Amino acid sequence: MQDSSTSGADPLISLTGVSKRFPNGTLALDNVDLNIPRGQLLSLIGLSGSGKSTLMRHLNGLHRPTSGVVKVMGVEVSSASNRQLRGVRKNIGFVFQQFGLVGRATCLENVLTGALGRLNGPRYGVWSYPKQLRSEAFDHLERVGLVNQAYQRADTLSGGQMQRVAIARSLMQQPQIMLADEPVASLDPESSAQVLDLLLKVAVEEQMTVIVTLHQVELALGWATRIVGLRDGRVVLDRDATTLKQEDAMEVYQRVDKSLDPDVARRPDASGVTQRSVQVAP
Amino acid sequence: MSGAHVEPLTKNRVGQPKQPKNWRNPTLLAITIGFVAATAWSWNFIDMTLLTLFGGFSDLGNLLVYMFPPIFDNFPEALRATIETIWMALIGTTIAVVLSVPLAFLAARNTSPHPLVFAVARGVITLTRAVPTLVLAAVFSISLGIGPFPGIVALGLHSVGMVGKLFTEAIESTEFAPREAVLSTGAGKWQTILATIIPQIIPSCIGTALYRLDINLRESAVLGFVGAGGVGFLIQSELRGLDYQRAISAVSVIFITITLIELISTRLRASIIGDHLSTPTNQNVRSLARMARDQRLIEAAISTRRLTPPWIYERILRVGTGLMFLSLLVVALITIDMPIISAYKYGDDLVRSIGRLYPPDFTYARAELIQGMLETTAIGFTATLLGLVVAIPLGILSARNIILRRSVVLLSRGVLLLIRGLPELIVAVLFVAAMGLGPVPGTLALTIGTATFMAKLIGDALEEVQEAPREGVSATGATRVQEFISAVLPQALPNLVSQTLYMLDVNLRSSTVLGIVGGGGIGFLLLGSIRVLDEATVGAIIITIFVLVYAIELLGTFIRWMVE
């Protein structure tokens, strides 16, 4: 499967032969090559444990590869110094499944932490940030529709609201890249749609490059321009979203079906027949 | 413990009570037998008999008679000494907190920069906890002179053991997700720690500090026994002069102060740690009005895009408490007789006075050392068992969910609070005054302290049991007593075992200093050696105390591990 969407210019993000083995022996990424040009809306799909989150964490240096090179905006993240890393991270918004908000702090304070990369020295509490940044944080909360909660503690919000605050915090960074690792996995369907819509809207408005990991294929197909599938740390699918059918995408998940039945796994031709006959039987 | 026994425990789902343990469990049985045997030996060793036990209480009755009517003409002096005691506790606790914050970050698994730093920081925390405050104060008074200064330094250093440990645990229990998220925005290490870890630990740290302030107030009330400032000196000299009618007035001033401050700090702790201060659980008129006011303030702040947080109740309370604490600290530092600006000059003296304890000399007072340590151990065990015997009924009486008559619960809780208001060593001084020198008055004083403290722990443990099993047992037609024995006790038992061990640990530490007031044990030799400046023997005693305390801590950890 070939990368179908590389543009002529230098890609914004590139992974070359990236492998990651954790200290416990798990091979989380296995020789991954991936180029992502500016402005792409990419969705990473795959089972949990397929390496999606690990790949995302390599892009902003939360993890370093065992071998291979990760390049983001011209910086080799895989070997960057702390200082360089901070420079790269400033330009990458990262939205997590578990939101990563400080529950006891107000929404405004949480959003303000997104500005730390622009400031020197530690800050504590709203008043320790410049007035102009506070005003900016208000704007971002307005944008995600939570300005009324600005002075409310983050742990009093619903999951969907928390994720919107987390998005506001990322916007505070004025990032060029937005990474979202299972941003809606802990949310109910309605909040999921709201959060994904918001993410897409701000990404288009700010012309950001977006990578979202999702395990629901329908959601991924709905808005991404490119779908990349991971299985066991390897890229097994890389397609333009418009030409991809849901069944093709589902192939990324097929390993589980096969592994349930060792016989079928050995004879891939027979798999369809056996399964269908089983379904019809009763 | 056999593998077959461990199996079902691991399969328990979270939130369910653990497999009940009863006397048939071999581990528990062995521990109980060991504990009873050790206590029997101890009981013999200090020549405790039921007769001396009750004789002791009649002696105490006589002392009380001598104390009445109290003479209050020394009231101004008692008040001055008590205020000094409060300032000492306040400054000592502040020193401990200031030292503990950096130490805790170095000692917490998730923030420590290096395994070596981690080990050293942990070691420092354990070490400071091992030597009792009173011993430290006695040693420091050699180089820093008589007065509150050595007492404050001792309070500050010893408290690091507990405060640092609890701060470390608070840091280790913080969530990782916010840290990872803020680090991802390009924030630096310290920016991230300040933005994510500090807000998470602040409530528990304030709670710890207030709790330690309570303990330090009790500790500083007795520091005067070794000449390290506070009200203890006054009490001791009045008792020595057989001036019982005046002694009782000084005792009552410190007693009332300690009880009042404990009430205030418990209240404060509850309101600061309370998870959602903005949504109080009790919906009375005042708290509803407060919520409405907060809501108005927040709405106004949003509509005007106010860039500073509005002054809601929670914020007023926090800032107000902080300012009050700071002003009290300033007053304390100004009033107290202690070199503040030039304190650093004493650093040298302090280090040298610790240095002179080395090399320790175990031979000079060998016989007394062995006898003292055995006696200390014996006092610790006897007081723990006696205390437990008294604490169990008292604890049951103070559990709201067991005793349904509220008046009984309130009465027993009140009695416990009142008795806790007297520091153990002050009780010991009174007992020694009534019964003469020796391990028996010391043991009785520790017993009272243990009983009240354990009773509170038992009451709390009982109140934490789950209701479902109780309803189940009651539904079968069991009587209240049957229900208590078969549904409540098994749930609370592991907690009780671990608290008894904790109490034993505390009592062994306390009994090392009882001798300072003549209550038996190693403390007597210690004070004597300090008086004659025999520092080599002091060093030997401190090392022996350290080894004993550390051995007990290891034993406790091992037994807890076996039981849980």
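Tutor: Start with a term. A polar contact is a pair of N or O atoms within 3.5 Å; within protein, one must be able to donate a hydrogen and the other to accept it, and residues adjacent in sequence count only if both atoms are side-chain atoms. Now the ground rules. This is a predicted model, where local features need pLDDT of at least 70, side-chain atom pairs count only at pLDDT 80 or more, and totals for chains, interfaces and linings use all residues. Residues are numbered from 1 along each chain as its sequence is written, chains are lettered from A and ligands numbered from 1 in the order in which they are written, and side-chain values use heavy atoms, with hydrogens and water left out.

Student: How many residue pairs are in polar contact across the interface of chain B and chain A?

Tutor: The rule finds 14, with both residues at pLDDT 80 or more.

Student: Which helices of chain B supply the side that touches chain A?

Tutor: Helices (H or I, at least four residues) and strands (E, at least two) are DSSP runs, numbered from the N terminus. In chain B, α8 (177-184), α9 (189-222), α12 (285-303) and α13 (313-335) each supply at least two residues of that side. The largest share, 10 residues, comes from α9(B).

Student: How do I read the size of an interface?

Tutor: It is often given as the accessible area lost when the parts come together. Buried area is that loss (1.4 Å probe), summed over both parts. Chain B and chain A bury about 3,200 Å² between them, 61% of it on carbon and sulfur atoms. In chain B, Gln191(B), Arg305(B) and Leu307(B) lose the most area to chain A, together 21% of what that side buries.

Student: What does Arg305(B) meet in a salt bridge?

Tutor: A salt bridge is a side-chain nitrogen of Lys or Arg within 4 Å of a carboxyl oxygen of Asp or Glu. The side chain of Arg305(B) meets that of Glu142(A), at 3.1 Å, N to O. Across the interface, the rule finds four salt bridges.

Student: Where is Pro310(B)?

Tutor: Pro310(B) sits in the loop between α12 and α13 of chain B.

Student: Is Pro310(B) buried or exposed?

Tutor: Buried means under 20% relative accessible area, exposed over 50%, partly exposed in between (1.4 Å probe, protein chains only). Pro310(B) has 6%, so this residue is buried.

Student: What does Pro310(B) touch?

Tutor: Contact means heavy atoms within 4.5 Å. Not counting residues up to four places away in sequence, Pro310(B) touches Tyr151(A), Leu297(B), Ile298(B), Ala301(B) and Arg315(B).

Key: Buried area = accessible area lost by both parts, 1.4 Å probe.
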